[in-house]
Every structure is written in structure tokens, then in C-alpha cells.
Amino acid sequence: NKPSNKLKKGSSFHYDMFVTGVINAILSIFCLPWLHGALPHSPLHVRALADIEEHIENGHVTETIVYVRETRLTTLVAHILIGASVLMIPYPLNLIPIPVLYG
């Protein structure tokens, strides 16, 4: 995150990174792919939740982030949808051609 986004990282941010690290250690033992803690925290997501003021100086537009609404709702919804994708096994997943799944 950039300092200009004016986000405040609480102690839960560090706890989330610790839990992600422990899960990755366990997944490594079983040769499974790693998780990462950056799912909905993209710059576009932060910008969508921000209040931005535009200033015009000498013909140039500068944007200043005044406030960012911090929410865990989008993270919760994203993980619920990922969990719901397990319900696609086996029937709807069989309708997708194998070459599409392999990319």
C-alpha cells in the first residue's frame, strides 16, 4: 500500500499474514499450492472505497485521497464464493472441457 492511500493497518493485518504463513508451511508439506493474502486488496479496490478530491493547478489535475472506507465485507464475500465453488464438484465441473481447465 502507498502512504497516499491513508490506510491504517491494525494488529489483525499482521495476524492474517502470520496465519497465511502457517497455512503455506502446511501446504508445502503436502506439495499443494500456496495461498497469498492479497485477494481483494488491489489498488482498484482501495480506490473504489476512497473519497478523492481533485485540484486543478496550472492546467494539471492532481488527486488527493481524503478518506478510505476500510471494510472486511468484500473479503468475506470473496472467500464465501471461493468456498461455494467446492459445490461445483463433480457435476457442473464435468461440463467444462478439459483443455479450458488446463489453460
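Asn58 sits in the loop between strand 1 and strand 2. Keep in mind that this is a predicted model.

**The hairpin and its turn**
- Strand 1 covers residues 50–57 and strand 2 covers residues 60–68, and the two pair up antiparallel over eight bridges.
- Together, strand 1 and strand 2 make a hairpin, with two residues between them.
- Within that pairing, Ile52 stands opposite Ile65, which belongs to strand 2.
- Asn58 counts as exposed because its relative accessibility is 79%, and the cut-off for exposed is over 50%.

**Another positive phi**
- Cys31 isn't a glycine either, yet its phi is positive, at about 55°.
- You'll find Cys31 in the loop between helix 1 and helix 2 (43–48).
- With 71% relative accessibility, Cys31 counts as exposed.

**A nonpolar patch on the surface**
- Which residues form a nonpolar patch on the surface? They are Tyr15, Phe18, Val19, Val22, Ile23, Ile26, Ile29, Phe30, Leu32 and Leu35.
- Together, these residues have about 980 Å² of accessible area.
- One of them, Ile23, has its place in helix 1, which runs over residues 11–29.
- Ile23 is at 33% relative accessibility, so it counts as partly exposed: that class lies between under 20% for buried and over 50% for exposed.

Note on methods: Residues numbered from 1 in each chain as written. Predicted model: local features only at pLDDT ≥ 70, side-chain atom pairs only at ≥ 80, totals over all residues. Heavy atoms only, no water. Patch = residues over 30% accessible without salt bridge, like charges linked within 9 Å, V, L, I, M, F, W, Y side chains within 5 Å. Areas by Shrake-Rupley, 256 points an atom, 1.4 Å probe, with all protein chains shown as cover. Salt bridge = Lys/Arg side-chain N within 4 Å of Asp/Glu carboxyl O. Helix = DSSP H or I, 4+ residues; strand = E, 2+ residues; numbered from the N terminus. Buried < 20%, exposed > 50% of the residue type's maximum accessible area, 1.4 Å probe, protein only. Pairing = 2+ DSSP bridges.
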